[in-house]
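Reader: I have a model open and some time to go through it. Can you take my questions one by one?

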Amino acid sequence: MTEHEPSGFFDKPENVSKLLKVFYVICAVLVAADFAVHRHIYHDWEKIPAFYAIYGFVGCVILVIIAKEMRKFLMRGEDYYDE
Amino acid sequence: MNSLMLVPPFLPLMLGALAAILLRGWLRNAIMLVTPFIGALNLMGFEHGLFWTYEFMGYALEPVRIDKLSLMFGYLFHLASFIAIVYALHIKDTVQHVAGLAYAASAVGAVFAGDLLTLFVFWELLALTSVFLVWARRTNRAYSSGFRYLIIQVLSGVMLLAGLLIFAQVTGSLRFDDIGLEHGGIAQIGAWLIFFAFGIKCAFPFVHNWLTDAYPEATPTGTIFLASFTTKVAVYAFARGFAGEEILVWIGVTMACFPIFFAVIENDLRRVLAYSLINQIGFMIVGIGIGTAIALNGAVAHAFNDVIFKGLLMMTMGAVLHMTGKINGSELGGLYKSMPKTTILCMVGAASISAFPLFSGFVSKSMIMSAAVAEGYDVVWLLLLFAAAGVFHHAGIKIPYFAFFAHDSGIRTTEPPTNMLIAMTIAAVLCVIFGTFPQQTVYALLPWDANYEPYDITHVLTQLQLLFFSALAFVWLNLRNMYPPELPSTNLDADWFYRKLAPAFLKRFACAVYGVYTKFEESVIALIKRAVQNSYDAEAGQPKGYFAKLWPTETMVVWVAVLLAGYLIIYFF
C-alpha cells in the first residue's frame, strides 16, 4: 500500500451509515407505496400487504441459512480434487 | 441483396478463424473485428426459407433454414462474438483467437441447421472448438477440466447421433422441427435420446458440472465466448424441438433454484457466475416448457439478454483476474479504489441480471413469470420468485461486493486494457438500451406473436420491493455477522460422483483384479517349480524320469519305433 493514499469513500463508517439510512428510507417508501398504489392481483397471495417485500426478505434469509448448513457436509479443502 | 452473393451463415466467422491462423498483428485484429459485421450483413440478405438443400443417402438435408427463431439467435451470436473479440484483442495467443471464432461459427451453424444431421455436425464442432479455450489457460487444472468437459460434450453428441438415426429410420426424414416426447415404439427412445443430448448441453441438474467445472478454468477472455454459445444453442434446440413439454417446466424450476445455494457458498467468483448461468437457463427452460407464445418469447428474449449481461459480469471478473491474478472472493475486496470504471460496469451487469426496472433482465424475466401465473403453475411461480430474489443475492450483490467492496484486500492495481473496457462498456450500454427500450430493440425480433406490457406500475413496484428487501436481508445478515464468509474451499457437487467416487471404485476394482491375477501367477509358478524339483533327484545327481537316464540317441530310437508302429497301425486301417 502507498503511504499517502487517499482513503476510499467506503473506508469511513459515517459514509456507510449514511448510505444505509438512504437505503432504509427507500425500503420504507416501497412498503408505504404498496398501500397507496392499487396493484393488479394475479395470484391470491399477492393480496397480502407488501407480499413481495416479505417474500424477498424471508426467502433470502432462508437461502443463506440453508447454504450455510450445506457447508457442513459439502465443504472440502481447496485442493480436494487435486490430491 | 442478390441471393447469389449470400454464403451460409456460419461461413464468414469460420473464414475469420482461418484468417486468424495465418495473419498476425493489427491485420489480424482488423479482420477479426470486421468478421461479425460481415456475418450479420450476410444474414440480413436472407429471406425466410430453406437454402442449399440437397439429397444425402436418400434423406433431404437442409443445412440453412432461415426463420424468425433462427435469425434471432443468429444476430445474437454475431453480437456476442463481436463483444468477445473486442474483449480479447490485447492477447497474442493464436489458439484462443482461432478457437473463439471457430466456436462462434459452429454456434451460428447449429442454430441455422434445418436438419438433425447438420445440427449434429455443428453440435460436435461446438465441443471440439470450445475446449481449446479451456486448455489455453495452460494449467494442469485447466487441462484435466478440459478433458472432462470434452468427454461430456462428445457424449451429448453421440446421444444426438443415436437419437437422430433412430428418428430417421422411423420417420424417413431428418428434418429438425417439433420433436416432442409423445411417440410410439422405438421412436420414443430416439426422442428421449435427443432430449437428453440437448439436456446435457443445457446443463440439466446432475449433468451440469461440466459447466461449473470448465468455465471457471478457462482463460479470462475464453470464458466470455464459452458463456455465450453452448448453452444458448441448447436453449434454441429445446425451443425448436420440445416447446410446451411440461417436464421442462419442472426441470427448469429445479435449475433456477438449486444453483443459488451453491453460488452463495462458492469462493471462485467466476464459478459463482457459472452457477448463476445455470439458474438463468432454468428460467428459459421453464418458459419453453410452458410453451405459450408469451412464455416462449420470454425464454428466447431472456437468452438474448442473458448473453449480454452474463457476458458483462464474466468480463468484469475476467478483468479482475487479468489484472490481479486472483479470482477468489476470500482474496479480493476494496478494488473499487483502483478499478472504479470496472466497478460501475460490474454493477450495471448486476442490475441487469437481477432484473431491475430499466435494465435488460427485467422485461424478459417478468414475461416468463407472468406466463407461469397465467397458466396456473402457482408453485413454479413462487419458486421462480424465490430464484429471482436469490439471483440478486448472489450475482447482484455478492459478486460486486466481495470483488470491489467488502474489506480492503490491500491489492492495488489499475483499470484493465482499453479494449477490455470498451467491450464491457458496449455490453453495459446494450443492457440499459434493451431494458429501457425493449419494443424497439430485442422485442422487435421476437419470433412469436404476443403482446406484453412490462412497464406498468404493478410490475415495477413489486419487482423493486422484491429486490430491495432481498438487499435488506443481505445487509441485515451482514450486520449480524450471519453471512457466510468467503472461504478457500471446494464444494462437493454432482461431479463428485465421477471425480471421486467412480475413480475410487475403479481403483479398488482394479486393485482387486490385479491382486487375483498376481496370486494366480504366483501359484502357477510354484506349481511349475514343484514339477521341476520333483523330476530331479538331487542326492543321486540325476533326473528321476526313465528317459532322462538314457542317452539322447537311445531315447530317439524308442520314439522312432513308436512312430513306425503308429504308421503301421494307420496303414492297416
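Reader: Which way do strand 1 of chain A and strand 5 of chain B pair, parallel or antiparallel?

Author: In this predicted model, the two strands pair in the antiparallel sense, over 2 bridges.

Reader: What is the bridge partner of Met75(A) in strand 5 of chain B?

Author: Met75(A) has Asn491(B) as its bridge partner.

Reader: And how many residues does the contact take from chain B and from chain A?

Author: Chain B gives 42 residues and chain A gives 37 residues. On the side of chain B that touches chain A, the elements giving two or more residues are helix 11 (246-265), helix 16, helix 18 and strand 5 (490-491). Helix 18 of chain B supplies the largest share of that side, 16 residues.

Reader: How do the residues of that side of chain B divide into nonpolar, polar and charged?

Author: There are 27 nonpolar, 11 polar and 4 charged residues on the side of chain B that touches chain A.

Reader: Confidence next. What is the mean pLDDT of chain A?

Author: The mean is 85, and 93% of the residues of chain A reach 70 or more.

Reader: Where in chain A is confidence lowest, and where highest?

Author: Lowest is strand 1 (residues 75-76) of chain A, with a mean of 89, and highest is helix 2 (residues 51-74) of chain A, at 92.

Reader: How many of its residues are buried?

Author: In helix 15 of chain B, 11 of the 14 residues are buried, so it is mostly covered, taking 20 or more other C-beta atoms within 10 Å as the cut-off. Among them are Phe362(B), Lys365(B), Met367(B) and Ala372(B).

Reader: Which helices do those buried residues pack against?

Author: They pack against helix 12 (269-290), helix 13 (293-324), helix 14 (340-353), helix 16 (378-404), helix 17 (418-436) and helix 18 (457-479) of chain B.

Reader: What follows helix 15 of chain B?

Author: Gly376(B) follows, with a positive phi near 85°.

Reader: Which residues other than glycine have a positive phi? One from chain A would do.

Author: Ala50(A) is one of them, with phi near 55°. Ala50(A) sits in the loop between helix 1 and helix 2 of chain A. Most residues other than glycine have a negative phi.

Reader: Is Ala50(A) buried or exposed, or in between?

Author: Ala50(A) is partly exposed, because 18 other C-beta atoms lie within 10 Å.

Reader: And what is phi for Phe206(B)?

Author: Phe206(B) is not a glycine either, and its phi is positive, about 80°. Its place is the loop between helix 7 (186-201) and helix 8 (209-214) of chain B. Phe206(B) is exposed, with 12 other C-beta atoms within 10 Å.

Reader: Where is Phe9(A) found?

Author: Phe9(A) is in the segment before helix 1 (13-36) of chain A. Phe9(A) is exposed, since 12 other C-beta atoms lie within 10 Å. Its C-alpha atom is separated by 29 Å from that of Val31(A), 22 residues apart along the chain.

Reader: Last one. Which domains does the assignment give for chain B?

Author: The assignment gives domain 1 (1-151 + 207-239), domain 2 (243-487), domain 3 (495-533) and domain 4 (535-573). The centres of domain 1 and domain 3 of chain B, taken over C-alpha atoms, are separated by 47 Å.

Definitions and conventions: Residues numbered from 1 in each chain as written. Chains lettered and ligands numbered in written order. Predicted model: local features only at pLDDT ≥ 70, side-chain atom pairs only at ≥ 80, totals over all residues. Helix = DSSP H or I, 4+ residues; strand = E, 2+ residues; numbered from the N terminus. Contact = placed C-beta atoms within 7 Å. pLDDT = per-residue confidence, 0-100. Nonpolar A, V, L, I, M, F, W, Y, C, P; charged D, E, K, R; others polar. Pairing = 2+ DSSP bridges. Domains from an automatic or database assignment.
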